Amino acid sequence: MATLSIKGVRKSFGSVEVLHNIDLELEDGGFLVLLGPSGCGKSTLLSIIAGLEPSSGGDVVIGDRTVNDVHPKDRNIAMVFQSYALYPTMSVRRNIGFGLEMRRVDTSSREDAIARAADLLQISHLLDRKPGQLSGGQRQRVAMGRAIVRNPDLFLFDEPLSNLDAKLRVEMRTEIKRLHDRLGTSVVYVTHDQVEAMTLGTKVAVMKGGVIQQLADPQTIYEKPANMFVAGFIGSPTMNFLTGTLEQHNGGLALHHGSAVLALTDIEPGAEAFVGKQVVAGIRPETFSKGEGPSSLTGTVDVVEPTGPDTMVVLDVGGQMISARLGSRERPHPGEPMTLNVDTSALNLFDPDTGNRI
Amino acid sequence: MTSNPQSIMASSRPLSTWDRINPARYIGELSETRFWMYLLLLPSALLIMGVVIYPTLYGFQLSFREMRLNRPDLGTDWVLLKHYQRMLSDQIFWISLRNTAVWVTAAVIIEFSVGLIAALALNRNLPGTKVLAVFILLPFFLPNVVAGHMWALMLDPRLGVINDLLVKVGLLGGYKAWFADPSTAMAAAIIVEAWHSFPFFTLLLLAGLKGVPSDLYKAADIDGAGSISQLRLITLPMLKTVIAAAVILRVIGLVNSPDLLLILTSGGPGRSTQVLSLYAFQTAYKDFNFGYAGALSVIMFIFLMMFAWVYVRLSKVNQD
């Protein structure tokens, strides 16, 4: 187990800079998720941490050791790849024990370690098979077995669940969480799946264009996104953005959108500076409830999507589409008018010019 | 997939006279039947039968007959195993067999090794590798005859540039007739053959290397495998099928082609570079003894079949 510090790491390919001054800290035993869309630089950052890719500047510190010039094998890390990267011509047993074999660990210790890892991952019955004879989920377990067998300081996961079907992905996600709880080893996990990020991470770094947009615990990322990109990237359906004017209202502040007035509570102190100006309100779909209230929006039902536990309703409010998550028993019809009340305590305000949280 | 032509016709309008005699209509209907596949295979099957199977079978039956064009008095009767019995006591046959083994083994080992090194280098995708790839493949584009004459000239004891260079750098005391000395003729011929054909391995191994996922090497880096271990435990096992196919094709090519040795040495000096294919060729077209040449060819055919079978079994290609 070890801490991880990334200090001012940069990466350029020719004149194209793909990582800009990345700073990160991961506590001992923490689970850091690098989250972002394709091309945001998250996998490149992981490769730099692993030593598979040289950085163009900055430091990578694992524990108390700066490892910039240390070969991947000497960093005491283990990595699980998106493709699993199992050696196709070797048995599962040899795949798992390959790292130990290369480090000249004696056969009996190696066999013990393989047996322990296989037991933990419930793949003892697969040890003599070749990777080609395994299902996707089994290969995933073998890849994790290869990672845990060496007791590394740091686990690196590069989109490990991307190639699995939806059901297996949920199962393996739970498995990874259980494994982390049990082993307590620090993890850096790359994904573009926000559900994985929210469920697994103790810390989430949301990235875009080679820059960390926000680094915080999952709840903070969800409830208090640092900017409109993070707000829009996290959550499904995505957060609603409603443009309006911030005005004084009954001794407090309110957002005026057309004829609707949303009285704001729990406002950040900086919001006062935006009175009389246009702001963007970020409203999560689950903060709506049906019916009149102190902060209501009225519109026409456009689309109704029952999902089982919820009913998603898309409402046309003065030409702006709003998604609301309502109870499963709600069954409005398209075309009919509907009024929704907003829990404004969960509302976020953004500066429309910078996109940053107010 | 089959369909009933009657049902197709029943659903269409009445046939005109032209429709009835139009051959395209019958071909169209035939293409919907299972016989279409066999019809499409027929031209290539006939071609193979005409240029491969018939000559092979003819060669087989020739090996059981007397057929010497310069001895018409012997006739063309069946002689059963006479040629094969003669082979057992034919010193030249045994020398040729041994030389063939040396020629093929040494050439394949050198060609594979150099080809692998070149393929690994070209697989790096460094600047200039595309131009280098063309240069490396150039020898393979040369016909054997051209390559043979070129090297014969380069190794010529009086005019050869290689002798000149070796003397100038001090490796040789004087000009040497490489192909006239029984102790160097085979080695020199093998080097020429390897130079000419190593790009065959380069080409196939490079194609195989492109199919090895780069993640495997990244994983091996983290697992602590060095370059040699990665080559031995990842690259070569991943190339097993390609290597097996390339070696079999190359062995067949080497065993069957007498052209380079014919140009460079004609099997000499003495019998030092006499190989089976050359012996069979000379028996047929110099001695005009087609019966015995046929028997030699049959033996080569059987050896190659056995080699291919044993090699595939030993390399366990089918198991993955």
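**A cis proline, helix pairs and a chain interface**

A:Pro237 sits in the loop between helix 8 (228-233) and strand 11 (240-249) of chain A; helices (H or I, at least four residues) and strands (E, at least two) are DSSP runs, numbered from the N terminus. The peptide bond that joins A:Ser236 to A:Pro237 is cis, with omega at about 0°. This is a predicted model, in which local features need pLDDT of at least 70 and side-chain atom pairs count only at pLDDT 80 or more, while totals for chains, interfaces and linings use all residues. Residues are numbered from 1 along each chain as its sequence is written, chains are lettered from A and ligands numbered from 1 in the order in which they are written, and side-chain values use heavy atoms, with hydrogens and water left out.

Another loop of chain A, between strand 6 (77-80) and helix 2 (92-102), holds A:Ala85. A:Ala85 is not a glycine, yet its phi is positive, about 50°.

Salt bridges come next. Over all chains, the structure holds 21 salt bridges, each being a side-chain nitrogen of Lys or Arg within 4 Å of a carboxyl oxygen of Asp or Glu. One of them pairs A:Arg325 with A:Asp310, and their closest N and O atoms are 3.1 Å apart. This pair links distant parts of the chain, with A:Arg325 in strand 18 (residues 320-327) of chain A and A:Asp310 in strand 17 (residues 310-317) of chain A, 15 residues apart.

Between chain B and chain A, the salt bridge count is zero. Even so, 16 residues of chain B are in contact with 24 residues of chain A, where contact means heavy atoms within 4.5 Å. The two chains bury about 1700 Å² between them, and carbon and sulfur atoms give 66% of this area; buried area is the accessible area (1.4 Å probe) that two parts lose on being put together, summed over both. On the chain B side, B:Ile222, B:Asp223 and B:Leu233 lose the most area to chain A, together 41% of what that side buries.

The axes of helix 13 (residues 240-256) and helix 16 (residues 290-315) of chain B come within 11 Å and cross at roughly 165°; axes are lines fitted to C-alpha atoms, for helices over the stretch in contact, and angles run from 0 to 180 degrees between N-to-C directions. Helix 13 of chain B is therefore roughly antiparallel to helix 16 of chain B, since angles under 35 degrees count as roughly parallel, over 145 as roughly antiparallel, 65 to 115 as roughly perpendicular and the rest as oblique. Among the residues making the contact are B:Val247 and B:Val251 of helix 13 and B:Leu304 and B:Phe307 of helix 16 of chain B. By class, this contact of helix 13 with helix 16 of chain B has 13 nonpolar, two polar and one charged residues; Ala, Val, Leu, Ile, Met, Phe, Trp, Tyr, Cys and Pro count as nonpolar, Asp, Glu, Lys and Arg as charged, and the others, Gly among them, as polar.

Helix 11 (residues 214-223) and helix 12 (residues 227-238) of chain B have axes that come within 11 Å and cross at roughly 160°, so helix 11 and helix 12 of chain B are roughly antiparallel to each other. Here B:Leu216, B:Tyr217, B:Ala220 and B:Asp221 of helix 11 meet B:Gln230, B:Ile234, B:Thr235 and B:Met238 of helix 12 in chain B.

For helix 8 (residues 144-154) and helix 10 (residues 182-210) of chain B, the axes come within 11 Å and cross at roughly 135°. Helix 8 and helix 10 of chain B are therefore oblique to each other.
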